[in-house]
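Hello,

Here is the structure I promised to pass on. Please open it next to this email and follow along.

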Amino acid sequence: ALPHISKKVLSAAGDLLSLAAKALYQERLARLAPESHYTKLPRFLFEHLTEPLSCERVCKALSLSRSRLYHLSYELYGCGISEQITKMRIERAQDLLCDTTYSITDISEKSGFRDPNYFYRVFRRSTGMTPKEYRKRFQKESKNT
């Protein structure tokens, strides 16, 4: 009562299953491999975002050359490391503006910007609005929802 399947079709199906099994095995090995710089860099930046982060400090902490850090940054983020750090700090500031009542100066500091005036300029250039306008706009949207 079972359908007749040619040896060629069965062999091809077996090859496909074998390839799928190998791919799953390799994927698991990749996840079990020791940490690479592709995972270390984002974690390091996240954990130290509020601290002064120079290229030299990141290179030293991750045992990378300056050129390798730049290549890695472009591979991961599509931009230079300094630009990525600024983007991450702006994102943290946006979260704090939306979720807390901290002053703009406190948010600037908690986002890793040492100078509130510089934070203000960078935030406005990045988002198109001041931190105060950003907070007010978010609060309006949350009241309506």
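Below is what turned up, from the whole chain down to single residues.

First, a caution: this is a predicted model.

**Overall fold**

The protein chain has eight helices and zero strands. Read along the sequence, the pattern is therefore α-α-α-α-α-α-α-α. The chain holds 145 residues, and 28% of them are buried. Take the contacts between residues at least 6 apart in sequence: 52% of these join residues at least 24 apart.

**Surface**

The chain exposes about 10400 Å². Carbon and sulfur atoms supply 56% of that area. One nonpolar surface patch covers about 270 Å². Its members are I5, V9 and L10. I5 sits in the segment before α1, the helix that runs over residues 7-32. I5 counts as partly exposed, at 41% relative accessibility.

**Helix α5**

This helix covers residues 81-99, which is 19 residues. From first C-alpha to last, α5 reaches 27 Å. That is close to the 27 Å expected at 1.5 Å a residue.

Which residues of α5 are buried? They are I81, Q84, I85, M88, R89, I90, A93, Q94, L96, L97 and C98. An α-helix has 3.6 residues a turn, so residues three or four places apart point the same way. Look at I81, Q84, I85 and M88 with that in mind; they are among the buried residues of α5.

What does Q84 contact, leaving aside its neighbours within four places in sequence? The partners are L45, Y77 and C79.

**Cysteines**

How many disulfides does the model have? The count comes to zero. A disulfide would need two cysteine sulfur atoms within 2.5 Å. For C55, the closest cysteine sulfur is in C59, at 6.4 Å. That is too far for a bond.

Are C55 and C79 buried or exposed? C55 is buried, with a relative accessible area of 9%. C79 is buried too, with a relative accessible area of 3%. C79 is also one of the contacts of Q84. C98, in α5, is on the buried list as well.

That is the handover. Send questions back whenever you like.

Best wishes

How values were computed:
Residues are numbered from 1 along each chain as its sequence is written. This is a predicted model: local features need pLDDT of at least 70, side-chain atom pairs count only at pLDDT 80 or more; totals for chains, interfaces and linings use all residues. Side-chain values use heavy atoms; hydrogens and water are left out. Buried means under 20% relative accessible area, exposed over 50%, partly exposed in between (1.4 Å probe, protein chains only). Helices (H or I, at least four residues) and strands (E, at least two) are DSSP runs, numbered from the N terminus. The expected span of a helix is 1.5 Å times one less than its number of residues. Contact means heavy atoms within 4.5 Å. Accessible areas come from the Shrake-Rupley method with a 1.4 Å probe; for residues, only the protein chains shown count as cover. Patches are made of residues with over 30% relative accessible area and no salt bridge: like charges are joined within 9 Å, nonpolar side chains (Val, Leu, Ile, Met, Phe, Trp, Tyr) within 5 Å. A salt bridge is a side-chain nitrogen of Lys or Arg within 4 Å of a carboxyl oxygen of Asp or Glu.
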